[in-house]
Amino acid sequence: MSSASEESRAHARAAREFVSEAEEILERMRSDLADLADALAASRDTDPELINGLFRSAHSLKGAAGMFNLEEMGSLAHHLEEILDALRLGRMPLEFPALQLLDEAVATAGLLLDRLQQGELSGDALKRVGDLVQRIHLAVDQPPPAPTLGSASVALDASVLRALTEYEEHRLQENLRRGKQIHLVEATFEILSFERSLSELTRAVRAVGELISTLPAPGEAPEAQIRFSLLVASDLPAEALDSRLGQPNLRITAVHDPSAAAGEPRGAPSARPQAARPGSAALPAPGDAAAPIDSLRSISDTVRVDIHKLDDLMNLLGELMIQRTVVAAIAQRLAAERETARIARELEKVHQALDRRLRDLQAGILEVRMVPLRQVFERLARVVRRMRRDTAKPVRLEICGADTELDKLLVEELIDPLMHVVRNAFDHAIETPEQRVAAGKPPEGCIRLDAFQKGNHVVIEVSDDGRGIDLEAVRERALAMGLVSPDQALGSKEIVDLVFAAGLSTRTEVTDTSGRGVGMDVVRTNLASLGGVVDVRSKPGRGTSVSFTLPITLAIIQALLVRVGHQRFALPLTAVRETLPLETEALQHSHHHEILNLRGEPLRLLRLRQVFGSAPSAADGKPYVVVVAVGDARLGLVVDRLDGQQDVVIKPIRGPIASMRGITGATDLGDQEAVLVLDVAALIDDASRSRETS
Amino acid sequence: MSGADAAPLDELLVVTVCDDWYALPVPRVREIVRQRPITPIPNLPGFVLGAISLRGEVIQVLDLRTRLELPAYRPDEPSARDRRRIVVLRGAEGSLAGLLVDRVVEVWRPAESELHPAAARGPGSEWISALCARGERFVSLIDADRLLEPSRAA
């Protein structure tokens, strides 16, 4: 008996884990379905990406259900996927009956979820799933609608038609049905730069129509060139398309013009969907046949990889990149001599091709390291749920941008700081329901997690609608701790910054979940070690928002190389705002510091030579200022020379000394010499600290 | 792990620093490389010379002279410039450190009878775990594990 109840408890636990993820997926599907219904109601052309997005959502739901061993939900998600696949490939007409079925399936999934949350699946819910699955079978097994216009009406080479995937074939059909013009755009690019040119062309095509397929063009291309054929659907006739794309070296052929007569077969091979589908009723329905194989695949098509193996790959890649620079250097040396100049050109070509592939490889590995923030957000959601249960304080958690991706290692490091901030918000920031009502707010508090990408950074915001930071209390506390002097004028921004000062906490009581003396200073230090920054904004009575800004990945950075004396340093390019020669006229001394007048704004200067004690080298010319910034804080680093930009792999400096202030690591630029990578955040921090103490 | 108990079984790498003989346990030696340019790292204790890059790995190099409180290198010291080597040590938990020595002499396995407790306390004696008699000479056995222990920057 006890084992049975244990089992049901374990089941309930798994169910809880699943619920928050599924909730989000279903929410996304509801919103996509609503968009789809709107488009249909207005008889607008539907964006194929809507169906594709829904299909991906259903697939995620199925995957999650499989992971947690939730059979009914898995089966429902699988059948949802079936309908969507049929719609996607045009086997089923995208009309209201299909939409209704989808709506119902999503609603039923919601019901299942609700029951799971309560810990049991009752008979009526199971029956509803069974009924629905039956109806989905019937609907999906309908013979596909006969194409209104055969692909045969398209003046395309049979080899091109055969090369289309089933999905592309369907998109072609769909565009024919909508009476679009179909064009074959043939483009010729230089091999060395075709990726960029192709993506430019693709963008241009998408602005004026739908890109059905990109195919390598048959036939010989001139040397060092490559040809592509793009199958494009658009409202524009060929000449108009040509002028809109506005690129040279394009040849556009109209392969289907709806105004012309169409429909007679031309003896081209029939479209694949018909040929591929089992026509006989005696054959098992595709859904049934695919089910066991499909569900196996959905579990095994992801591989768990130890992050350190990826680190090893990254290291290998780093070494390859070093070798690449060596090749470039050899090519340059050869180019200097007349008799080897020709070899140099060939070598340069090899180098460029190598460079491109290495970058692809790098992007590929980096992509594997990326994980969505969903996991972290879900753990936070569980913590909030637990706190809500334990304290009976009504607080709602809103999650946005859980799909934003970040380096796996960063995600791990983020959990504690985020947890800290969320607990703080729950415990301290959000008032009791009575206080909230008295302040004219809804009794239920709200904590919002928001993640989004901003350039090469990811921003994660935790905001609440609580009482805001009590500026007076922080001020008093800072006074008591001697962090500020009584006559010091403090703006609200400075006071909010004080929240980060070590040990400053305005709360005296300690709760179970927060306030154990771990303050915002710890959060900031942890973040800084990852190259991230924390910022706090607060409005009294309105709420507080803490934002974390982090680099997307730690593994490879673009760096600006500078030289001080004989020593080289690398600065992360993301922190570099600009560089300029140091004009002594613009230099001023103020309170022991050098200040540069930068377009009317004062810029504090830091001579790296002083920080790093390099001996002056004899042939120094005019020094340069590298303006670096983290958040709002800026600093001008004075260096002797700028050595250009380069991608560098940051390595830890291994040895008995673990912490090196101002240095994030080192890199090798190909000459077997360690070059220090500077920690800009720490340099700025130290500079501003010395301002406070002076 | 350190100390005289485990040491007699190990082969020793005999090196010289300031004309004194020292030994490092061979199982702790990962490789020996020629001296190469060492990138200085600011604001670190004097016994850290800086870092070298070894096939993409960046490793701190310790100055054995400073650590053992022996006279420092003079920039013009001619004695054995091209005999200097960096001995890369590997700790039990995978920790690494380079050690700059004047000269690598030989690999030698002492007999148990040749092993003596470390000499009385003196400058730098905390890094010496035993004294070995190599013929006429005494060789100080360096406590490699202790040397590799993490310490905090000042």
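**Rings and strands up close**

Modeller: Happy to, and keep in mind that this is a predicted model. Let's begin with a charge sitting on a ring: in chain A, the face of A:Phe55 has A:Arg88 lying over it, 4.8 Å from the ring centre. Chain B has an arrangement of this kind too, with B:Arg67 over the face of B:Phe47 at 3.5 Å from the ring centre.

What about rings meeting rings? Searching the whole structure, over all chains, turns up one aromatic pair. The partners are A:Phe189 and A:Phe228, and the pair is tilted, with 6.3 Å from centre to centre and 45° between the planes. It counts as tilted because 45° falls between the cut-offs, under 30 degrees for stacked and over 60 for edge-to-face. This pair links distant parts of the chain: A:Phe189 belongs to strand β1 (residues 181-190) of chain A and A:Phe228 to strand β3 (residues 225-234) of chain A, 39 residues apart. Both A:Phe189 and A:Phe228 are buried.

Staying in chain A, have a look at strand β11 (residues 543-551), which is mostly covered, eight of its nine residues being buried. Strand β9 (residues 457-464) of chain A runs antiparallel to β11(A), and eight bridges join them. Along that pairing you can find A:Val458 opposite A:Leu550 in β11(A). Strand β10 (residues 533-539) of chain A is also antiparallel to β11(A), joined to it by seven bridges. Here A:Arg537 stands opposite A:Ser545 in β11(A). β10(A) and β11(A) make a hairpin with three residues between the strands, and in that hairpin A:Gly541 takes a positive phi near 80°.

Now over to chain B, where six strands make an open sheet with mixed pairing, ordered β8-β1-β2-β11-β10-β9. The edges are β8 (103-108) and β9 (115-117) of chain B; each has a single partner strand, so one side of each is left without a neighbour in the sheet. From one strand to the next, the twist in this sheet averages 35°.

Definitions and conventions. Residues numbered from 1 in each chain as written. Chains lettered and ligands numbered in written order. Predicted model: local features only at pLDDT ≥ 70, side-chain atom pairs only at ≥ 80, totals over all residues. Heavy atoms only, no water. Phe/Tyr/Trp six-rings, centres within 6.5 Å; stacked < 30°, edge-to-face > 60°. Helix = DSSP H or I, 4+ residues; strand = E, 2+ residues; numbered from the N terminus. Buried < 20%, exposed > 50% of the residue type's maximum accessible area, 1.4 Å probe, protein only. Lys NZ or Arg CZ within 6 Å of the ring centre and 35° of its normal. Pairing = 2+ DSSP bridges. Axes fitted to C-alpha atoms, helices over the stretch in contact; angles between N-to-C directions.
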